[in-house]
Amino acid sequence: MIRLSGVLCAIGLLLAMGCTTSPSKSLSTPDALKAAEINAQIAVHHLENDDLALAKEKVDKALEQNPQAVNAHLVAAEVEARLNNGDAERWHYEQALAQNPSHSSVLNNYAGYLCRQSQVDEAIEIFERVVADRLYPQPALVLSNAGRCLFEADQWDQARGYWQRAIAEQANYPPALFGLAEVELAFGELNAAQSYFSRYTALKRESPQQLLLGYRIAKASGDVQGRARYRSRLENDFPSSKQAIDINAW
């Protein structure tokens with residue numbers, strides 16, 4: 001499954017902006033609406049810790065308290081995505097869009113969903129709509145998401161262009177630097193791949209994804225010592241990660 005950068009960040013931004021519709025009087029009391037917002041925020045916290053059961057419990061409660069809460073539907077969609085419940089994920093996006101069809105944070109997340117459904121052209125069109133919204137505060141995030149969408153669809157040259165646009169907006173935006181390291185490696189441009197990778201590693205804490213990419217660049221460059229170093233750190237520090245398990249495939 002394609003996972004785009006900043007999904008929780010975008011949801012968090014939407015929560016911070018208080019993006020909810022004005023409910024009818026029959027929905028709930030003001031206290032219950034506030035409780036719904038708080039439960040959605042707690043659900044985001046559990047998602048960040050990958051505790052899907054608690055995240056689902058809290059967001060279900062939020063939607064019980066306010067079924068029209070756009071933010072809660074976005075959180076619920078992310079929960080269902082991680083649970084591989086595609087129909088439920090789509091339903092929550094449809095509910096969010098029905099309430100606020102032009103909100104850029106909603107559109108950014110929905111475009112990510114379309115990417116996971118291999119509807120790449122439609123997704124890119126929506127990403128561009130969000131980027132065109134000059135009031136949206138995170139254009140680098142959206143451009144980087146578009147790059148990831150295209151890269152996973154094997155449209156490498158177009159992906160490179162979007163990631164370059166992302167770092168033009170924000171010079172050291174980590175997901176774009178990581179993506180550029182990947183795409184330059186795919187093109188066999190090893191010096192460029194190493195340059196972008198070095199910029200990325202200076203900004204981000206070590207992770208399985210980072211170590212595997214370092215391993216791949218070292219292998220392609222013929223750096224035997226570097227390859228062994230990255231492999232050792234991946235297998236020793238993250239032994240149960242997918243990257244450690246799959247390293248022999250590279």
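The model is predicted, so local features are taken only at pLDDT of at least 70 and side-chain atom pairs only at pLDDT 80 or more, while totals for chains, interfaces and linings use all residues. Residues are numbered from 1 along each chain as its sequence is written, and side-chain values rest on heavy atoms, with hydrogens and water left out.

Start with the interior. In soluble globular proteins, nonpolar side chains tend to be buried together. A nonpolar core here is a set of buried Ala, Val, Leu, Ile, Met, Phe, Trp, Tyr and Cys residues joined through side-chain atoms within 4.5 Å; buried means under 20% relative accessible area, exposed over 50%, and partly exposed in between, with a 1.4 Å probe and protein chains only. The largest such core holds 56 residues, and those with the most contacts inside it are Tyr110, Ala123, Ile124, Phe127, Val142, Trp163 and Leu213. Helix H8 supplies the largest share of this core, 8 residues; helices (H or I, at least four residues) and strands (E, at least two) are DSSP runs numbered from the N terminus. Another core, of 15 residues, lies apart from it, with Ala43, Leu47, Leu52 and Ala72 among its members. As for Leu213, leaving aside residues up to four places away in sequence, its contacts (heavy atoms within 4.5 Å) are Phe178, Ala181, Glu182, Leu185 and Phe197.

Next, the rings. A pair of aromatic rings is described by the distance of the centres and the angle of the planes. Rings of Phe, Tyr and Trp (its six-membered ring) pair if their centres lie within 6.5 Å, and planes under 30 degrees apart count as stacked, over 60 as edge-to-face and the rest as tilted. The whole structure turns up 8 aromatic pairs. One of them, Phe151 with Trp156, is stacked, at 6.2 Å centre to centre and 25 degrees between the planes. Phe151 is buried at 13% relative accessibility, whereas Trp156 is partly exposed at 31%. Trp156 also pairs with Phe187: the centres are 5.9 Å apart and the planes stand at 90 degrees, so this pair is edge-to-face. That pair links distant parts of the chain, 31 residues apart, with Trp156 in helix H9 and Phe187 in the loop between helix H10 (174–186) and helix H11 (190–201). Phe187 is partly exposed, at 34%.

Arg216 has its charged end over the ring of Trp250, 4.0 Å from the centre, and Arg229 lies over the face of Tyr230 at 5.5 Å.

Beyond four places in sequence, Asn39 touches Lys58, Lys61, Ala62 and Gln65.

Finally, the backbone. Most residues other than glycine have a negative phi. Ser118 has a positive phi of about 65 degrees and lies in the loop between helix H6 (104–116) and helix H7 (120–132). Asp154 also has a positive phi of about 65 degrees, in the loop between helix H8 (139–152) and helix H9 (156–169). Ser118 is exposed at 63%, and Asp154 is exposed at 59%.

How values were computed:
Lys NZ or Arg CZ within 6 Å of the ring centre and 35° of its normal.
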